[in-house]
Amino acid sequence: MISLTHVTKLYGSVIGVNDVTVELGSGAYGLLGPNGAGKTTFLGLVTGQLRPSIGQVRVFGERPFFNARVLRRIGYCPASDLTERSATPREWVRYLVQLSGFTPAAALKRANSTLEQVGLGEAAGRPLSTLSKGMRQRAKLAGAIAHDPDLLVLDEPFDGLDPVARHELVSLVRTWARSRSLLVASHLLHEVEALQAGLAVILGGRLVASGTVHEIRDLIDTLPSEVRVVSTAPRRLAELACGCPEAEAVRFVGDDTFVVDTRAPRLLAERIGEAAIGEGILVLELIPGDRSLEGIFGRLVQLHRGVTP
Amino acid sequence: MTGQRVSPKREPGESPPLPALAAIVAVARFQIDRLLTPPRLALAAIGVIFPTAVLLAAARARGASLEHDLGAILLYALVPEAVCMLGLLVTISPAVADELERGTWVHVAVRPGGRRALLLGTWLAAVLWTGAVALSGLLLALLTGVISNGWSLLGPFAILVCLSCIGRAALFSLPAVIVPKRSLVASVGVALVVEYLAGLIPAVVNQLTISLRLHTLLVRWMGWRRSITPELQLLIDDRPPWAQVTAVFILAAAFLAIAVAILEWRQFPPSEES
C-alpha cells in the first residue's frame, strides 16, 4: 500500500526525512517519533503534499504527488488545529466532500451521516469557533473520512484532548480501521498501542525500527537494559544479583544504590526481589528498565543517539 | 487489510463525481460565505459609497453637476480602477496565505484537484464579490444624478468593471501563489509597477497589461479617440473594442493557467502550514 524507497526530503539544508526505505501493507500502522523527528514530512510525502528530493514514494502503486487517483483514496487529518471560524462542522465537511467530487446533495448527506458517526450530530450546526478542541478534532476527522477513503492518515489526532475525548476518538478510529488502512503519527504511544497498529519509529528523519508491537518488543529484548536497586544492604544484594544468570554487569551509583546491566530486566528484578526476601534484606527501590512502549521508544531514541547504558 | 469494507465508495443512487467546475463553484460559495462578516460587509459598504461621495464632493466644489466627460473620467478612476483594484487586493491576494493561516490549506490541497479548485474558486469569489461592490457603487453614483446624462455610462462602465475584475483578479493570483506570505505587498507592487507604470509605457510591455485594454475601451466608447492629444494616443491601442475584450480574457486565462501550474507544483513545508 505504501512504499518508500531510499526517500530523502530536504528543505534547503534541513533534512525532513533521511534515506527512508519502508514497505507498509494494508492495515493499521503507527508512526512514532518525538517532535521534529520527521513524522509530518513522512505523512506529507505519503499524502502527496511533498515530493521526495531523492528516492521514490508509491501509494497504492502510484506516485501520490499531483495524482488525483491516489488522492481520491486518501483521507488526511493534519495536526494543526482547525481555525476556520465562521463555518459550522456541517458546512466544513460538506465543502470538503464536494471537493472530493460529490454533488452538493450527496456531500450534505455524507457530511450529516459522518458527523453523526463521530458524535457531532447535535453540534453540526454550531460555528466551529464555539466548539471545544475535542469537537474540532472530531470535525477534522469527519472531514477526513466522509468521502470514504481507503487509507486514513492522521497526524497527532489525540493531541490536546482530555482523557475522555481521547478514549472516544481512539475507539472511533479503531472501529473505522477494522475495514480500512490507517496510518497514525503520534508521540502518545499508548494510544497507538491501543489502536493495535504496527509500528514504525522515526527519529531525526530516519526510520530506526518497524514491525508489530511484539516485534519491536523482541527487538528491544536484544538490547541492553538495566535494573536499578536501592537497598539498606546494597553490597550483599549486589553480590546476590551477580549470581543471577541474567546479570551482565553491576555498578554502584550511590552509597545505597546499584545498577545491574541486563537484557532481561523484569526477570532479573524478580530474581533480585526473591533473593532479598530470602536474605531478609530491605529493598527500598527495585526498578526494572522500562519495557512499555514509551520505554521501548526511549531506548530506541537513546540507541540512535549513541547513548550507552 | 483486514475484513470487508463497511460501506462501498458510493451508495446506490448517489450522484457520480462532479466535473472540476463544480468544485470551483463549491470553493467560490465557501469563500463568499467567509466574506459575509460584519467587517467585510462594512468594507464593501464603504466601497459602494466611496465613488458617490467623491463625485458629490467634486460637484459641490464646482457648484453644479459634473459634465458628462469629466464625470466619466472621475467615475473611471473611482470604480473600475480604485474600487475594483482595492477590492481585488483584499480578496484574491490572500488566496493561499489565508488558507495557510487558518490551517485549512492541507485539507484542501489533499483533495484531488483541490489546489486548482481553491485558486479558481477564490478567483471566482473575488470577481463576484468585488464586481458586485463596484457595480453597486456605479449604480449609486448614477442614481444621484451627479453626472450629466450619466445613465449613458451604465452599459460601458458595467463592462469595464467586469473586465477589470476578471483581468486583475487573475493578475493578482500570481503573487498570491508565488509569495503567499507577502502576497498583499507583492500585489500592490504588481498593481503599481505592472498596471500603472508598464501600462503607461508605449511599448510592447503595455500589451500585457489590463490597464491598456481598459483605457482603450474607455476612450473608444466615450468617443474621445479623435479629441485626445497625440501623446495620449500613444497610451491606447489601435485595435477595435472586441479585440480589447478578447485580450482581457486571454490575459486572464494565461495568468490563471500560470498561477494554477505554480500552485499545483508548490510544496509548503509543515512549518509553513500553520
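The structure is a predicted model, in which local features need pLDDT of at least 70, side-chain atom pairs count only at pLDDT 80 or more, and totals for chains, interfaces and linings use all residues. Residues are numbered from 1 along each chain as its sequence is written, while chains are lettered from A and ligands numbered from 1 in the order in which they are written.

Chain A has 11 helices and 13 strands. Helices (H or I, at least four residues) and strands (E, at least two) are DSSP runs, numbered from the N terminus. The C-alpha atoms of chain A fill a box of roughly 75 × 45 × 35 Å along the principal axes. Of its 309 residues, 48% are buried. A residue is buried if 20 or more other C-beta atoms lie within 10 Å of its own, exposed if 12 or fewer, and partly exposed in between, with C-beta atoms placed from the backbone. Among contacts in chain A between residues at least 6 apart in sequence, 66% join residues at least 24 apart. Two residues are in contact if their C-beta atoms, placed from the backbone, lie within 7 Å.

Chain B has 11 helices and 0 strands. Its C-alpha atoms fill a box of roughly 80 × 40 × 40 Å along the principal axes. Buried residues make up 43% of the 274 residues in chain B. Of the contacts in chain B with a separation of 6 or more, 80% come from residues 24 or more positions apart.

Chain A contains an open sheet of 6 strands with mixed pairing. The strand order is β5-β6-β7-β3-β8-β9. Two strands pair if DSSP finds at least two bridges between them. Strands of a sheet pair through backbone hydrogen bonds, either parallel or antiparallel. The edge strands of this sheet are β5(A) and β9(A), each of which pairs on one side only. Neighbouring strands are turned by 15° against each other on average, direction ignored. Helix α5(A) (residues 133-145) packs on the sheet and touches β5(A) and β6(A). The direction of α5(A) makes about 165° with that of β5(A). Such axes are lines fitted to C-alpha atoms, for helices over the stretch in contact, and angles run from 0 to 180 degrees between N-to-C directions.

On one pairing, β3(A) and β7(A) are parallel over 5 bridges. There, A:L31 stands opposite A:A185. β3(A) also runs parallel to β8(A), joined by 4 bridges. A:Y29 has A:G198 as its bridge partner in β8(A).

Other pairings extend the picture. Strands β6(A) (residues 151-155) and β7(A) (residues 181-186) are parallel over 5 bridges. A:V153 has A:L183 of β7(A) as its bridge partner. β8(A) and β9(A) pair in the antiparallel sense over 5 bridges. These two strands form a hairpin with 2 residues between them. In the turn, A:G204 has a positive phi of about 55°.

In chain B, helix α6(B) covers residues 114-143. Its 30 residues reach 42 Å from first C-alpha to last, close to the 44 Å expected at 1.5 Å a residue. The expected span is 1.5 Å times one less than the number of residues. α6(B) is mostly covered, with 24 of its 30 residues buried. Just after α6(B), B:G145 takes a positive phi of about 70°.

A nonpolar core is a set of buried Ala, Val, Leu, Ile, Met, Phe, Trp, Tyr and Cys residues joined through C-beta atoms within 7 Å. The largest such core has 143 residues, of which B:V79, B:W123 and B:A169 touch the most other members. α6(B) gives the most to this core, with 16 residues. Leaving aside neighbours within four places in sequence, the contacts of B:V79 include B:P51, B:A134 and B:F157.

At the interface, 40 residues of chain A are in contact with 36 residues of chain B. On the chain A side, α3(A) gives the most, with 4 residues.
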